[in-house]
Amino acid sequence: MNFFEHQDRARRRTRLLVVLFILAVISIVAAVDLVALVILGFGTDHQGARFSGAAVQAQMPLLIWISVLTAGVIALASLLRVLTLRNGGAAV
């Protein structure tokens, strides 16, 4: 295998890792939203039905804020890690 084949292989693997990272972030945000729904009692309507469409829809603005906050924390942590690793091999 020559240099260019290695380079193409590395690029394919990098794309795969980026896609997997995005899927992981989406999964984490969804899990945090689900935990918020369960723990904080969101999604319960006045009759006690859990996760009815109208009850969840009423809490949608707060769920969006929770999602944005969760994604922001992940983005900030990722940015800090990238900045730390820019120092080269010694940082690793």
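Tutor: Helices are DSSP runs of H or I with at least four residues, and strands are runs of E with at least two, numbered from the N terminus. The model is a predicted one.

Student: How many helices and strands does the secondary structure of the chain come to?

Tutor: From the N terminus on, the elements run α-α-α. The chain therefore has, under the DSSP criteria, three helices and zero strands.

Student: What length does helix α3 reach from its first C-alpha to its last?

Tutor: Helix α3 spans residues 60-85 and has 26 residues. At 1.5 Å a residue, 38 Å is expected. The helix comes close to this, reaching 37 Å.

Student: Which residues of α3 are buried?

Tutor: Buried means under 20% relative accessible area. Over the 92 residues of the chain, buried residues make up 17%. In α3 they are Leu-63, Ile-66, Ser-67, Thr-70 and Ile-74.

Student: Is Asp-33 buried or exposed?

Tutor: Asp-33 is placed in helix α1. Its C-alpha atom is separated by 6.4 Å from that of Leu-63, 30 residues apart along the chain. Because its relative accessible area is 14%, under the 20% cut-off, Asp-33 is buried.

Student: What is the relative accessible area of Phe-21?

Tutor: Phe-21 also belongs to a helix, namely α1. A nonpolar surface patch of about 850 Å² includes Phe-21, with Leu-20 and Ile-22 among the other members. Phe-21 is partly exposed, its relative accessible area being 44%.

Student: Which residues gather in a patch of positive charge on the surface?

Tutor: One of them, Arg-12, lies in helix α1, which covers residues 3-39. The patch of positive charge is formed by Arg-9, Arg-11, Arg-12, Arg-13 and Arg-15.

Notes. Residues are numbered from 1 along each chain as its sequence is written. This is a predicted model: local features need pLDDT of at least 70, side-chain atom pairs count only at pLDDT 80 or more; totals for chains, interfaces and linings use all residues. Side-chain values use heavy atoms; hydrogens and water are left out. Patches are made of residues with over 30% relative accessible area and no salt bridge: like charges are joined within 9 Å, nonpolar side chains (Val, Leu, Ile, Met, Phe, Trp, Tyr) within 5 Å. Accessible areas come from the Shrake-Rupley method with a 1.4 Å probe; for residues, only the protein chains shown count as cover. A salt bridge is a side-chain nitrogen of Lys or Arg within 4 Å of a carboxyl oxygen of Asp or Glu. Lys and Arg count as positive and Asp and Glu as negative; His and the chain ends are not counted. The place of a charge is taken as NZ of Lys, CZ of Arg, CG of Asp or CD of Glu. The expected span of a helix is 1.5 Å times one less than its number of residues. Buried means under 20% relative accessible area, exposed over 50%, partly exposed in between (1.4 Å probe, protein chains only).
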